[in-house]
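Keep the sequence and the 3D view open side by side as you read.

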Amino acid sequence: MAQKQYNVTGMSCEHCAASIREEVSEVAGVSQVVVDVAAKSVTVHGTDLDDGRLRAAIVEAGYGIADTVAA
């Protein structure tokens, strides 16, 4: 199973986390989305994860991406 992790900007509460989880969960291949509000990170687990689509889902939820911390 693959894993990708992102530093997310603009995330400050559990509502933010829920929005991100909802959008990212809809991307093909995603099996789990773990959002850590305190660390401002999103970790995505799944198969054949498409970095561009994951980034687009985070942006669609209304947040930015500072950088990728793990691939």
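Start by clicking on histidine 45, which touches Met1, Ala2, Gln3, Gly29, Val30, Ser31, Gln32 and Val34. A contact here means heavy atoms within 4.5 Å, and residues up to four places away in sequence are left out of that list. Histidine 45 belongs to strand β3, and with a relative accessible area of 17% it is buried. The labels work like this: buried is under 20% relative accessible area, exposed is over 50%, and partly exposed is in between, using a 1.4 Å probe and protein chains only.

A quick word on what you're looking at. This is a predicted model, in which local features need pLDDT of at least 70 and side-chain atom pairs count only at pLDDT 80 or more, while totals for chains, interfaces and linings use all residues. Residues are numbered from 1 along each chain as its sequence is written, and side-chain values use heavy atoms, with hydrogens and water left out.

In sequence, alanine 2 and histidine 45 are 43 residues apart, yet in space their C-alpha atoms are 5.7 Å apart. Alanine 2 is part of strand β1, residues 2-9, and it is partly exposed, at 34% relative accessible area. Leaving aside residues up to four places away in sequence, alanine 2 touches Val44, His45, Gly46 and Leu49.

Zoom out to the whole chain. How many helices and strands does it have? There are 2 helices and 4 strands, and from the N terminus they run β-α-β-β-α-β. Helices (H or I, at least four residues) and strands (E, at least two) are DSSP runs, numbered from the N terminus. The radius of gyration is 10 Å, close to the 11 Å that the globule rule gives for 71 residues, so the chain is as compact as a globular protein of that length. That radius is taken over C-alpha atoms, and the rule is 2.2 Å times the number of residues to the power 0.38. Along its principal axes, the C-alpha trace spans about 30 × 20 × 15 Å. Of the contacts with a separation of 6 or more, 66% are between residues 24 or more positions apart.

What about the inside? Buried residues make up 37% of the 71 residues. The largest nonpolar core has 20 residues, and Val8, Ile20, Val24, Val44, Leu54 and Tyr63 touch the most other members. Two or more residues each come from β1, α1 (14-25), β2, β3 and α2, with α1 giving the most, 4 residues. Such a core is a set of buried Ala, Val, Leu, Ile, Met, Phe, Trp, Tyr and Cys residues joined through side-chain atoms within 4.5 Å. In soluble globular proteins, nonpolar side chains tend to be buried together.

Lysine 40 sits between β2 (30-36) and β3 (41-46), and has a positive phi of about 55° although it is not a glycine. Lysine 40 is partly exposed, at 37% relative accessible area. Aspartate 48 lies in the loop between β3 and α2 (51-60). Its phi is also positive, at about 50°, although aspartate 48 is not a glycine. Is aspartate 48 buried or exposed? At 74% relative accessibility, aspartate 48 counts as exposed.
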